[in-house]
Protein chains: 2
Amino acid sequence: MATTVRLLWAVRRVGTCYQSASPAATRAIITNRYYNLYHLRELNTTTIMASGFVGSNSGLLFRQLFDRDSCTYTYLLADTATKEALLIDPVIELAQRDATLIKQLKLNLKYVVNTHVHADHITGSGMLKKLVPGCVSVLSEASGGDADLKVNPGDVIKVGAVELEVRATPGHTAGCVTFVDHAHGMAFTGDALLIGGCGRTDFQEGNPETLYKAVHSQILTLPDQYLLYPAHDYQGLTVTSVKEEKENNPRLTKSLTEFVEIMNNLGLPYPRKIDVSLPANKVCGLYSLPDDLAAELQKAS
Amino acid sequence: MATTVRLLWAVRRVGTCYQSASPAATRAIITNRYYNLYHLRELNTTTIMASGFVGSNSGLLFRQLFDRDSCTYTYLLADTATKEALLIDPVIELAQRDATLIKQLKLNLKYVVNTHVHADHITGSGMLKKLVPGCVSVLSEASGGDADLKVNPGDVIKVGAVELEVRATPGHTAGCVTFVDHAHGMAFTGDALLIGGCGRTDFQEGNPETLYKAVHSQILTLPDQYLLYPAHDYQGLTVTSVKEEKENNPRLTKSLTEFVEIMNNLGLPYPRKIDVSLPANKVCGLYSLPDDLAAELQKAS
């Protein structure tokens, strides 16, 4: 209990420091709050699908990375021309793997982005900032967490010519966002939409009605062929599409009332890492905490 | 010991039955032993990279699937127009997952293909033949195993307009093959080449010199940007490329002499599932065995 109090205090303290220390970083990202959706639709006509490609004429290098322990997917996206890159939802235990891959691919890691404040693993954001100096941590403003840069719905995160539109998809947590790459027809849905499922709604300000409405209005309205990449999968599936989820998702194809009933009766166990993950993730990872507290948390995780 | 003898007997018996029972199946695949490589080079100029896409103009639907237990990747490829599909290296415990996905995507599973006779897991081929009647199991002639259809280097396995060239890449086992999709710039390397590694060469007629030469002549001579999809990864990486392996593979960038030295001194433990996997995989899975023996093997695995 004493440890928890100490951690919460540390989180508040470090959080405040970070907020005041990094106002300049908020100008480092090119945001475009009212992104022209007609332009996006035009881009779709040249949509091609990319995975892991180096040197494609699509301009996108894309890698899906997996953590077997928490079943988390981390995504690396980069512009093949400028070599600028970003990571989505890295896991602390595998931050060194991610840093090595980035080095081997000769990329310049610009952003480390989280779809939300995770409860089931500690983000690798802080550690990556140490391993790859110069990269900027990103969280949504609505998450209530601290990061070098906070984004809002409608913002666009850019690495070279690769663009990710930020969409608000709350319900699993209040600050959950989905990142959409319209040019390549891909969306990174975090825990809002999982393959044949969705994130739980029973803690961290979760709300099944909010989740249902967000997924239906922000994700399932994307074109049918858009690929959806979630933050987790527990069956070894790697990707789905808007069409498939609209046809097959056993929860989200139900009515709102039925969905709420399902979500309120899942009876899931408490996430085993929540006590260490939440305070660490509120500041984008252990490595934004003072070393002694970080070591203590990592030991406990 | 008595069980082993009984199994070997069963494998021989069932193997013989299968060989004699399915000669017609050998005509079911369109093979083209001396495939025109100039034509393949032409196709490369329109290369686009596909992953998991439904409805792309690339004509390819592609899914990478993972088994967390054996760290095996299974690949689903289908022609989006004809809906014909094939699976590469399915795992028995996840055959139902694969069959469900095939059904949800409304695909017609034509071939279940293995890159080699696996020692670390039981193939899902036999079970998929039960779950999705009509599909044909495929192995290389050089594997010495039994399958409905045996392929040789230079053969092309086709599902609709999607074509996989069979290349001999022995060394991990004598019958290992790599499947190359030139139109989409992808190769499925089995255990011949892993991401930053390669399959072990200390059993199943393994030979480090053979492996080195096969990988260098049959895989690393493909264009730099070709994506390489292995049968396994233990770090959560999902894909690599010819360029990356030529630059970074810690074993295969060495000289032949150094490589042989490395491979002869790995000191790896005996694969825990080899005693049940090999006899089952020689006949493309448990479900090609009589039910009582299949049950016995599955229990032991």
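Helix α3(B) gives the most to the lining of the largest pocket, with 4 residues. The model is predicted; local features need pLDDT of at least 70, side-chain atom pairs count only at pLDDT 80 or more, and totals for chains, interfaces and linings use all residues. Residues are numbered from 1 along each chain as its sequence is written, chains are lettered from A and ligands numbered from 1 in the order in which they are written, and side-chain values use heavy atoms, with hydrogens and water left out. Helices (H or I, at least four residues) and strands (E, at least two) are DSSP runs, numbered from the N terminus.

The lining of the largest pocket draws on both chains. Helix α6 (242–248) of chain A and α3 (95–104) of chain B each supply at least two residues. A pocket here is an open set of points on a 1 Å grid over the protein atoms alone, where a 1.4 Å probe fits, with protein on both sides within 12 Å along at least five of seven lines; lining residues have an atom within 4 Å of a point. The largest pocket holds about 890 Å³ of space. Its volume is the space filled by probe spheres set on the points, with grid points joined across faces, edges and corners. The lining of the largest pocket comprises 43 residues. Leu194(A), Cys198(A), His232(A), Asp233(A) and Tyr234(A) lie nearest the centre. By class, the lining has 15 nonpolar, 15 polar and 13 charged residues. Ala, Val, Leu, Ile, Met, Phe, Trp, Tyr, Cys and Pro count as nonpolar, Asp, Glu, Lys and Arg as charged, and the others, Gly among them, as polar.

In chain B, strand β5 (residues 136–140) is mostly covered, with 5 of its 5 residues buried. Buried means under 20% relative accessible area, exposed over 50%, and partly exposed in between (1.4 Å probe, protein chains only). In a regular strand the side chains alternate between the two faces of the sheet. Val136(B), Val138(B) and Ser140(B) point one way from β5(B), and Ser137(B) and Leu139(B) point the other way. Strand β5(B) pairs in the parallel sense with β4 (residues 108–113) of chain B, over 3 bridges. Two strands pair if DSSP finds at least two bridges between them. Within this pairing, Tyr111(B) stands opposite Val136(B). Strand β5(B) also runs parallel to β6 (residues 149–151) of chain B, again through 3 bridges. There, Ser140(B) has Val151(B) as its bridge partner. Strand β4(B), helix α4 (residues 125–131) of chain B and β5(B) form a right-handed β-α-β unit. A crossover is right-handed if, with the strands pointing away from the viewer, the path from the first strand over the helix to the second runs clockwise.

Strand β1 (residues 60–67) of chain B is likewise mostly covered: 8 of its 8 residues are buried. Leu60(B), Phe62(B), Gln64(B) and Phe66(B) point one way. Leu61(B), Arg63(B), Leu65(B) and Asp67(B) point the other way. Strand β1(B) runs antiparallel to β2 (residues 72–79) of chain B, and 8 bridges join them. Asp67(B) faces Thr72(B) across this pairing. The hairpin has 4 residues between the strands, and Cys71(B) takes a positive phi near 55 degrees.

A hairpin also occurs in chain A. Strands β7 (residues 156–159) and β8 (residues 162–168) of chain A pair in the antiparallel sense over 4 bridges. Ile157(A) has Leu164(A) as its bridge partner. The hairpin has 2 residues between the strands, and Gly160(A) adopts a positive phi near 60 degrees.

Positive phi values also occur in loops. Asp89(A), not a glycine, has a phi of about 55 degrees. Asp89(A) sits in the loop between β3 (84–88) and α3 (95–104) of chain A. Asp89(A) counts as buried because its relative accessible area is 1%. Lys106(B), also not a glycine, has a positive phi of about 60 degrees. Lys106(B) lies in the loop between α3 and β4 of chain B. With a relative accessible area of 52%, Lys106(B) is exposed.

Over all chains, the disulfide count is 0 (a disulfide is a pair of cysteine sulfur atoms within 2.5 Å). Cys71(A) is buried, at 1% relative accessibility. Cys176(B) is buried as well, at 3%.
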